[in-house]
Amino acid sequence: MGEQQRIDKWLWCARFFKTRTIAADSIKNGRVFINGQRAKPSRTVGVNDVIKIEKPPFTQTVTVLGVANQRLAAAKASALYDES
């Protein structure tokens with residue numbers, strides 16, 4: 001299998017949340033799903049996983065294209081996912 005990363009870290013690196021703590025809290029509150037299943041903060045994601053992020057009143061669905069070791073600039077972070 002290819003590169004993988006914890007979902008809380010991936011969401012932070014891809015700039016969906018300002019901090020990893022906020023990302024983890026959102027996951028714990030049942031607002032993040034991976035491939036249709038409710039996620040836990042320690043769950044790993046990899047290329048081609050589909051992530052649904054609920055931030056009321058909005059919901060985003062993205063496909064993972066890659067992982068990063070650190071938080072990226074907004075222009076580069078969008079290369080980590082494809083919005084569908």
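Guide: A definition to start: helices are DSSP runs of H or I with at least four residues, strands are DSSP runs of E with at least two, and both are numbered from the N terminus. Also, this is a predicted model.

Visitor: OK. So where does Gly-30 sit?

Guide: Gly-30 lies in the loop between helix 2 (20-28) and strand 2 (32-34). It comes after helix 2 and has a positive phi, near 75°.

Visitor: Buried or exposed?

Guide: Buried. The cut-off is under 20% relative accessible area. Gly-30 has 13%, so it counts as buried.

Visitor: Which residues touch Gly-30, leaving aside neighbours within four places in sequence?

Guide: Arg-38 and Glu-54 are in contact with Gly-30 on that basis.

Visitor: And how far is Gly-30 from Gln-60?

Guide: Their C-alpha atoms are separated by 14 Å. Along the chain, the two are 30 residues apart.

Visitor: Back up to helix 2. Which residues are buried there?

Guide: Ala-23, Ala-24, Ser-26 and Ile-27 are buried in helix 2.

Visitor: Why do they line one face of the helix?

Guide: Look down the axis of helix 2. Its buried residues fall within an arc of 160°, so they line one face.

Visitor: What's on the other side of helix 2?

Guide: Thr-21 and Lys-28 are there, and they are exposed.

Visitor: What covers the buried residues of helix 2?

Guide: The cover includes helix 1, strand 2 and strand 5 (50-55).

Visitor: Let's move to Asp-8. Where is that?

Guide: Asp-8 is in helix 1, which runs over residues 7-13.

Visitor: An Asp. Buried or exposed?

Guide: Buried. Its relative accessibility is 5%, and the cut-off is under 20%.

Visitor: What polar contact does its side chain make?

Guide: The Asp-8 side chain makes a polar contact with the side chain of Arg-6, at 3.0 Å.

Visitor: Beyond four places in sequence, which residues are in contact with Asp-8?

Guide: Arg-20, Ala-23, Ala-24, Ile-27 and Pro-41. Ala-23, Ala-24 and Ile-27 are also among the buried residues of helix 2.

Visitor: New topic. How many residues does the largest nonpolar core have?

Guide: The largest nonpolar core has 22 residues. Those with the most contacts inside it are Ile-7, Trp-10, Leu-11, Phe-16 and Ile-51.

Visitor: Which elements give two or more residues to this core?

Guide: Helix 1, helix 2, strand 2, strand 5 and strand 6 (58-64) do. Helix 1 gives the most, with 4 residues.

Visitor: Whole protein now. How many helices and strands?

Guide: There are 3 helices and 7 strands. From the N terminus the order is β-α-α-β-β-β-β-β-α-β.

Visitor: Why call it as compact as a globular protein of that length?

Guide: The radius of gyration is 11 Å, close to the 12 Å that the globule rule gives for 84 residues, so the protein is as compact as a globular protein of that length. The C-alpha trace spans about 25 × 25 × 25 Å along its principal axes.

Visitor: How much of the protein is buried?

Guide: Buried residues make up 38% of the 84.

Definitions and conventions: Residues numbered from 1 in each chain as written. Predicted model: local features only at pLDDT ≥ 70, side-chain atom pairs only at ≥ 80, totals over all residues. Heavy atoms only, no water. Buried < 20%, exposed > 50% of the residue type's maximum accessible area, 1.4 Å probe, protein only. Polar contact = N/O pair within 3.5 Å; in protein donor to acceptor, adjacent residues only side chain to side chain. Contact = heavy atoms within 4.5 Å. Arc of directions from axis to C-beta. Core = buried A, V, L, I, M, F, W, Y, C linked by side-chain atoms within 4.5 Å. Rg over C-alpha atoms; globule rule 2.2 N^0.38 Å.
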